[in-house]
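User: I am new to this structure and would like to learn how to read it. Could we go through it one feature at a time?

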Amino acid sequence: MLRRFVIFLFGILLGVAFVSFAFPGRFAEMGRYFSLDYRVIYHLQKDTIYMSMQAQCHLECLNITQSKVLSVLDGGEVNLDKSDKNAAPCKLYTVEKEDLSVLFELCEEKVKVRNFSLQGDDCKCP
């Protein structure tokens with residue numbers, strides 16, 4: 001019985017070693033997918049991101065680019081206290097990075113920036 005268990009474990013280890021060399025980075029990526037931050041940001045980046053009218057007004061008021069706002073997805077963290085993952089029909093997630101906070105609306109067919117705020121901005125958009 002012990003001999004069978006040892007042979008089984010040897011086979012499992014050999015298979016894991018083969019997969020890790022044949023597909024580098026897959027185990028690390030699969031492990032990160034269980035993090036809520038990684039999973040939400042992954043789904044936000046996967047689709048085309050649209051800007052709401054309020055976010056577009058805010059962009060023009062602050063005279064910044066859309067890519068500056070979307071840079072929050074590179075290294076940002078999801079603030080679950082400000083998010084509403086049970087909202088219907090679209091989930092609302094707030095992603096923050098340094099002095100930038102962006103509210104995303106994650107729907108099944110599209111992703112939209114609903115609003116964002118920079119520390120110290122004084123824009124009054126409707």
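Analyst: Start with a single residue. Serine 101 sits in strand S4, in a model that is predicted.

User: Is serine 101 buried or exposed?

Analyst: Serine 101 has a relative accessible area of 15%. Buried means under 20%, so serine 101 counts as buried.

User: Which residues does serine 101 touch, leaving out those up to four places away in sequence?

Analyst: Serine 101 touches Thr94, Val95 and Glu96, and also Asn115, Phe116 and Ser117. Strand S3 covers residues 91-97, and strand S5 covers residues 111-118.

User: How many residues of strand S4 are buried?

Analyst: Strand S4, residues 100-106, is mostly covered, with 6 of its 7 residues buried.

User: How do I read the pairing of strands S3 and S4?

Analyst: Look at the sense of the pairing and the number of bridges. S3 and S4 are antiparallel, with 7 bridges. One place to look is tyrosine 93, which stands opposite phenylalanine 104 in S4.

User: And what joins S4 to strand S5?

Analyst: S4 and S5 are joined by 7 bridges and run antiparallel. Phenylalanine 104 turns up again here, opposite valine 113 in S5. The two strands form a hairpin, with 4 residues between them.

User: In what sense do strands S2 and S3 pair?

Analyst: S2, residues 77-84, pairs with S3 in the antiparallel sense over 4 bridges. Aspartate 84 stands opposite leucine 92 in S3. A hairpin of 6 residues links S2 to S3.

User: What should I know about side chains in a strand?

Analyst: The general idea is that side chains in a regular strand alternate between the two faces of the sheet. For a case to look at, take threonine 94, which lies in strand S3. Its relative accessibility is 5%, so threonine 94 counts as buried.

User: Which residues does threonine 94 touch, not counting those up to four places away in sequence?

Analyst: Threonine 94 touches Glu77, Val78, Asn79, Lys82 and Ser83, together with Ser101, Val102 and Leu103. Serine 101 has Thr94 among its own contacts.

User: Where does asparagine 63 lie?

Analyst: Asparagine 63 is in the loop between helix H4 (53-62) and helix H5 (66-70). With a relative accessible area of 72%, asparagine 63 is exposed.

User: And where does glutamate 98 lie?

Analyst: Glutamate 98 is in the loop between S3 and S4. That hairpin has 2 residues between the strands. Glutamate 98 has a relative accessible area of 79% and counts as exposed.

User: Which residues does the cis peptide bond join?

Analyst: The cis bond joins alanine 88 and proline 89, with omega about 0°. Proline 89 is in the loop between S2 and S3.

User: Now for the whole chain. How many helices and strands does it have?

Analyst: The chain has 5 helices and 5 strands. Read from the N terminus, their order is α-α-α-β-α-α-β-β-β-β. The radius of gyration is 21 Å, well over the 14 Å that the globule rule gives for 126 residues, so the chain is more spread out than a compact globule. Its C-alpha trace spans about 75 × 30 × 25 Å along the principal axes.

User: What share of the residues is buried?

Analyst: Buried residues account for 27% of the 126 residues. The accessible surface is about 9100 Å², with 58% of it belonging to carbon and sulfur atoms.

User: What do the contacts say about separation in sequence?

Analyst: Take contacts between residues at least 6 apart in sequence: 45% of them join residues at least 24 apart.

User: How far apart are the mean positions of the positive and negative charges?

Analyst: The chain has 15 positive and 16 negative charges, and their mean positions are 11 Å apart.

Definitions and conventions. Residues numbered from 1 in each chain as written. Predicted model: local features only at pLDDT ≥ 70, side-chain atom pairs only at ≥ 80, totals over all residues. Heavy atoms only, no water. Rg over C-alpha atoms; globule rule 2.2 N^0.38 Å. Buried < 20%, exposed > 50% of the residue type's maximum accessible area, 1.4 Å probe, protein only. Contact = heavy atoms within 4.5 Å. Areas by Shrake-Rupley, 256 points an atom, 1.4 Å probe, with all protein chains shown as cover. Lys, Arg positive; Asp, Glu negative; His and termini not counted. Charge placed at Lys NZ, Arg CZ, Asp CG, Glu CD. Pairing = 2+ DSSP bridges.
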